[in-house]
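Colleague: I would like to learn how to read the features of a fold one at a time. Please take me through this one.

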Amino acid sequence: MESVEYRCRDERIIGASRVRCFETPMDLSTYSRWWTLVAVAPEGPGSRLRPGARFRFVGDRPGGERFEWAAEVLEIEEPSRIELVYAGGEYVGRTAWELQEVLEGTLVAYVYRGVRANSPRSRDHFARWGTRLHAVAMKEDALAGLARLLEGSGAEGDDEAWRKDVQRRVAAGIRLLENQ
């Protein structure tokens, strides 16, 4: 639908081994424990990612519309990279998880390698936000959630309190974006 490709890289250092950090996004059944704004579901047997495996994302920002899109695993380079392609629904294009050992633990990144809108809604979304909203959501939700799970700081509050805090932080980030 749209030829404009969006690229971004959202990253965070997580105080855990690269193997632990890699294994978590490799298992779709873990996502609900650390990524609150999206839900994922495999389109086939099993929750472990492997080349050719397909799954669906369903997500929305606080106060926003629900978006759905499919993804397929293209390639896995253990424990450093999981190459994906958004394969229909609202978005199409390449993405990846990248993991690099650093002194403090693991630098975990989610990368848009060239994502395009695949519907009028997603075209309007990108026209309004670009990748700025994605960056807020990744920082305050997915990457913060991975750190909470893997660094053991999840004991600071129950899951419902954590989810509400994520909603609050993402909504605050959206308000900042709207005022720019």
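Colleague: Which strands does helix α1 lie across?

Modeller: This is a predicted model. In it, helix α1 (residues 18-26) lies across β1, β4, β5, β6 (91-102) and β7. The direction of α1 runs at about 160 degrees to β6. Helix α3 also packs on the sheet, where it touches β1, β4, β6 and β7. Its direction makes about 120 degrees with that of β7.

Colleague: How should I read the sheet itself, and what is the order of its strands?

Modeller: In general, the strands of a sheet pair through backbone hydrogen bonds, in a parallel or an antiparallel way. Here the sheet is open and has seven strands in the order β1-β7-β6-β5-β4-β3-β2, with antiparallel pairing. At the edges are β1 (6-14) and β2 (38-42), each of which pairs on one side only. On average, neighbouring strands of this sheet are turned by 25 degrees against each other, direction ignored.

Colleague: How many bridges join β3 to β4, and which residue stands opposite G59?

Modeller: Strands β3 and β4 run antiparallel and are joined by six bridges. The residue opposite G59 is F67 in β4. On β4 there is also antiparallel pairing with β5 (residues 81-89), over seven bridges. There, V73 has L84 in β5 as its bridge partner.

Colleague: How do I read an aromatic pair, and how many does the structure hold?

Modeller: A pair of aromatic rings is described by the distance of the centres and the angle of the planes. The structure holds 19 aromatic pairs. One of them is W35 with F57, edge-to-face at 5.9 Å centre to centre and with 70 degrees between the planes. W35 is in the loop between α2 (31-34) and β2, while F57 is in strand β3, so the pair ties together parts that are 22 residues apart in sequence.

Colleague: What volume does the largest pocket have, and which residues lie nearest its centre?

Modeller: The volume of the largest pocket is about 510 Å³. Its lining has 27 residues, of which R61, F67, Y91, H125 and L133 lie nearest the centre. The elements that give two or more residues to this lining are β3 (54-59), β4 (67-77), β7 (105-117), α3 (120-129) and α4 (132-150).

Colleague: Which element gives the most to that lining, and how do the residues divide by type?

Modeller: Helix α3 gives the most, with six residues. By type, the lining divides into 16 nonpolar, five polar and six charged residues.

How values were computed: Residues are numbered from 1 along each chain as its sequence is written. This is a predicted model: local features need pLDDT of at least 70, side-chain atom pairs count only at pLDDT 80 or more; totals for chains, interfaces and linings use all residues. Side-chain values use heavy atoms; hydrogens and water are left out. On a 1 Å grid over the protein atoms alone, a cavity is a set of points where a 1.4 Å probe fits but cannot get out, and a pocket is an open set with protein on both sides within 12 Å along at least five of seven lines; lining residues have an atom within 4 Å of a point. Grid points are joined across faces, edges and corners, and a volume is the space filled by probe spheres set on the points. Helices (H or I, at least four residues) and strands (E, at least two) are DSSP runs, numbered from the N terminus. Ala, Val, Leu, Ile, Met, Phe, Trp, Tyr, Cys and Pro count as nonpolar, Asp, Glu, Lys and Arg as charged, and the others, Gly among them, as polar. Two strands pair if DSSP finds at least two bridges between them. Axes are lines fitted to C-alpha atoms, for helices over the stretch in contact, and angles run from 0 to 180 degrees between N-to-C directions. Contact means heavy atoms within 4.5 Å. Rings of Phe, Tyr and Trp (its six-membered ring) pair if their centres lie within 6.5 Å; planes under 30 degrees apart count as stacked, over 60 as edge-to-face and the rest as tilted.
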